[in-house]
Amino acid sequence: MAYLSSKARFPWIAAAVVVAAAGGATFCAANLPPLYAGPAAGMLVLASAAVTWLSRSVRPGRRGPVGPAPVSDSPPPGSAARMRRLESAVVHSHDAVAILNAASKGDHGRAVLYVNDAFCRLTGYAREEILGRSLHALRGPDSDPDTLARLRAAMDAGTPLRVELRNYRRDGTPFWVDLSAVPVPDELGRVEHWLLIQRDIDRRKSAERRARQTGQLLRAIIDAFPGPISAKDRDFRYLVMNQFQADLLGITPEAAVGRTTADVTNPEHGARTGERDREVMASCEPVQYESTYPARTGDGRPWLTTKAPLWMPDGIDSEPAGARGVVTVSLDISALKAAEGALRRSEERYRQLFRAIPHPVFVYDVHSLRILSVNEAAVRKYGWTREQFRAMSMTDVRAPDDAPRGFHGSANDSGLPDGPPAGRRHVTRDGAVMDVDVSSFTLNLEGRAVKLALINDVTDRLKAEDELRRSEGLFRGIFESTGAGVSLTDASGLFVSCNPAFAAMIGRSVEEVLRLTPAAITHPDDMPGQLALMDEVRAGRRDRFTYPKRYLRPDGEPVWVELSFSAIRNAEGRYEHGLGVSVNVTERRQLEDQLRQVQKMEAVGQMAGGIAHDFNNILTAVIGNLSLVRLPDYDPNRPLLAAVEQAANRAADLTRKLLGYARRNQLVFAPVEPRDALGEVVALLRPTLDPRLKLTVKVDPTCPPVHADAALLAQALMNLCLNARDAMPDGGELALSAEPVVRGPDDPCPPGWGDLAPGSYVRLTVADTGTGMTDEVLARIYEPFFTTKGIGKGTGLGLPMVQGIVKQHHGWIAIHSRPGAGTRIELNLPTAEVLNTPAVSGNPTPLPMSLPTPTNIPRPPKPPTVLLVDDEPMIRDLGRAVLSRAGFRVLTAEDGADAVEVFARQYTEIDLVILDVTMPRMSGRDAFRHMIELNPSARIMFSTGYTAEDLVEVDGAAGLLSKPYRPQELLAAVRTALAVTPQPI
């Protein structure tokens, strides 16, 4: 009682409720039938959980489920007395109660803080012997380790658990307990203690053991019976089946439990048996009839089947006395059937069998069709009494729309008991029409020819069959007509069905697909991932997945699909079939790959353009300063200086190629004759060709001029010709040609070339008979710095530069090549009538402007003042030196903002501004606008390493100076700009 008298706030209300609920649940499990014990125990546990929650929710200082409760440090009135009563309930409980510490001492378990007297009586331990120790002392050799592991895991996780466990008393005798472990939280919701409630269930276990022995004896008895015996519940699902019937049906007795007759035989037999079962349940009377079992062993013996209600007397459960199911016992009547003649002569025995048939049966005269007798089922089904039936003939029960086929010996009336039934339409007394199957055969009844007709109402079955056929037709139509590929595989992975779309997708016929497995048509690289997913499906860990994969067509061509897979399982949850829906995404993936390639090339192009811009600035300073150096002819450093200048010029050429790839070349568009462009290239190319290489040129006479920059077009053609020459080291043929082509408005755009205007184009072709290119090389042909040439023989910028030039001309390139078959590259450029560069304003300033010969330009009477603006100090220093030597007064600024400040102070003295386009803080365009606002007549010339298209929106500039430039080009541009009379903007 030390623990009970402590001031620890142990939740006795919750503990007492849990003790009571656990005791009640154990009582239910031990004394009530299984049908009701589970729900009763569950309701008690739910009630205890609700009361426990309410007891926690109304604690002082906590918010309840309805509203805020007043916070008070003093216990409510009567709480001390109630607490004493609850403590007394725990102390005097007949169930063994133990309170454990929340924290575990590792493998030694949790310490016992309190046990009641019932615990000591049950275990034989005194309270002093068990307090402070763990309950491991109760374990023994037969204590289930799995149950102990579950208990330990639940307590570690803080979740309640109820188990049955075999413990050992202090004297070593074993005993069974129903153990409930309940976590007791503190006010913060953390587990503070564990409450363990144990009830002695040794007697119940002994009773269960005796019940099992009795059940085994009864099982042995029914299994020894030489015929089928079974029992069903009210839902007509098997409760038990003897071994004889299970062997007859080819299943195990355990597999039959919980299933219907239709599940273990077939729908038709299940319908017949189900009707009999419903009849027994409705009438609470036994029925007896002759039947055969659709045995899988081929056993067609006739059986006399007796069905009786499974009667439960009053007091056995909570329901009143009544039928709880159906008991079926069948006897082999093979010998009885062999003596059928004797049975027919026995009228009394005939009536007994006749009345036992659950289906309507008519006996009628073969000649007059007069009804002689009917069974009870016919009276119930048709509604007439026996006396009324005897005054009728068989034609009276036919519906008006029944086929005009009589019952006297037609081809559809079988004379054999197992003959095929005839389809008829019958009418009942109230006018209802029903579809029936009529099985009839001839009997000789005391010298009189009669027929016995067995009637089976198949109205519902035919309606279900019609609905099934309609549904199957609908889904078959969807299956066959859907555009997605649908396939069905069995558990072994073999295709068992597929629609035409799936077969067409993988390039095979439906018949060919049904002989394959998914592994036979799947790309080897995609199989491991799919097999891993299928392993999870077969293990039951997933029922569906989506997986991108490649199918392989017979020619080896891959087809990318998005596969959506769903598992189809049987009633036991075993995987039986797999339904796959495959959507062809090959084109989409190709477009995605092309988009990624374009984005990559655009990013590289932007980087190349930025690098080229910085190179131009550096090269302007290098080339300009080299031009200012003057050495005597005899100076030994002149060759070194010439080598440096040659290297700088090569760097400038490489920069132009980078700008061409980045599509930032400075273009001067004009009509260019294809014959002239090819002639210029041939004149430059011919001296470099091997004599073994044949060069031909063919130009269509109707070929119109192309809208192009002549210099860049020649540069692109020269690059292609040099590549073709290098591809034919042992000689060959190099063919240049030009021809007109027309692009229609509905023609698709080549991938990666954007929108192309319809109209007239010129196709310039460079074809060789060289080594050709593989698909891998073609895929990377436009990548910058990618080359198949040896080290030092190629920069990898030739074709990227050609691509950039063609894109600037709004055309496209087509490449045709195979290894060993040569290469043909086609440049398709628009003619002058398709693409013209429109003027942005009424009086545009052409950029770049042509430079006249400096000797014809008059000099100003006084030294002009030039404001040189560039963010590169080397260019500012070079410009100041060149212009100062030429007699100009030079002002400098390092960016646009600085230039505007200088211009604002001295614009009356400044004759010309040389303005870089790209600068930090303020760009050249913005500085131009500010200067024009200050002086609309100002002469401003731009300088840039980019294309003139960057200045297409700027009107009124005095010219464009392209980087890199030499000192003489700077002076010529400055003098030309000063010679122009300024016009207000």
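Two strands count as paired when DSSP finds at least two bridges between them. The model here is predicted. In it, strand E26 (residues 812-817) and strand E27 (residues 823-830) meet that rule, with 6 bridges in the antiparallel sense. Histidine 816 has arginine 824, in E27, as its bridge partner.

E26 and E27 form a hairpin, with 5 residues between them. The turn contains glycine 820, whose phi is positive, at about 80 degrees.

## The five-stranded sheet

An open sheet is built from 5 strands. Their order is E2-E1-E5-E4-E3, and the pairing is antiparallel. Strand E2 (110-115) lies at one edge and strand E3 (161-168) at the other; each pairs on one side only. From one strand to the next, the twist averages 35 degrees.

Strand E1 (residues 96-104) runs antiparallel to E2, and 4 bridges join the two. Within this pairing, isoleucine 99 stands opposite tyrosine 114 in E2.

## Helices on the sheet

Helix H7 (residues 145-157) packs on the sheet. H7 touches E1, E2, E3, strand E4 (174-185) and strand E5 (191-200). The direction of H7 makes about 130 degrees with that of E3.

Helix H8 (residues 202-224) also packs on the sheet, touching E3, E4 and E5. Its direction makes about 125 degrees with that of E4.

## Aromatic pairs

The model holds 12 aromatic pairs. One of them joins phenylalanine 502 and tyrosine 551 edge-to-face. Their ring centres are 5.6 Å apart, with 85 degrees between the planes. This pair links distant parts of the chain. Phenylalanine 502 belongs to helix H19 (residues 500-505), tyrosine 551 to strand E18 (residues 544-552), and 49 residues separate them. Are these two residues buried or exposed? Phenylalanine 502 counts as buried because its relative accessibility is 0%, and the cut-off for buried is under 20%. Tyrosine 551 is buried too, because its relative accessible area is 3%.

The rings of phenylalanine 545 and phenylalanine 565 have planes at 15 degrees and centres 5.0 Å apart, so this pair is stacked. Planes under 30 degrees apart count as stacked. Phenylalanine 545 is in strand E18 and phenylalanine 565 in strand E19 (residues 558-569), so the pair ties together parts 20 residues apart in sequence. Both phenylalanine 545 and phenylalanine 565 are buried. Elsewhere, ring pairs link Phe362, Tyr382, Trp384 and Phe389 into a cluster.

## Lysines over rings

Two lysines sit over aromatic faces. Lysine 205 lies over tryptophan 176, at 4.4 Å from the ring centre. Lysine 232 lies over the face of tyrosine 238, and here the distance to the ring centre is 5.1 Å.

## Nonpolar cores

In soluble globular proteins, nonpolar side chains tend to be buried together. The largest nonpolar core in this model has 47 residues. Leu713, Leu717, Leu734 and Leu827 have the most contacts inside it. Helix H26 (residues 710-726) supplies the largest share of this core, 9 residues.

Which residues does leucine 717 touch, not counting those up to four places away in sequence? They are Ala677, Leu678, Val681, Leu764, Val766 and Leu827.

How values were computed: Residues are numbered from 1 along each chain as its sequence is written. This is a predicted model: local features need pLDDT of at least 70, side-chain atom pairs count only at pLDDT 80 or more; totals for chains, interfaces and linings use all residues. Side-chain values use heavy atoms; hydrogens and water are left out. Axes are lines fitted to C-alpha atoms, for helices over the stretch in contact, and angles run from 0 to 180 degrees between N-to-C directions. Contact means heavy atoms within 4.5 Å. Rings of Phe, Tyr and Trp (its six-membered ring) pair if their centres lie within 6.5 Å; planes under 30 degrees apart count as stacked, over 60 as edge-to-face and the rest as tilted. Buried means under 20% relative accessible area, exposed over 50%, partly exposed in between (1.4 Å probe, protein chains only). A charge sits over a ring if NZ of Lys or CZ of Arg is within 6 Å of the ring centre and within 35 degrees of the ring normal. A nonpolar core is a set of buried Ala, Val, Leu, Ile, Met, Phe, Trp, Tyr and Cys residues joined through side-chain atoms within 4.5 Å.
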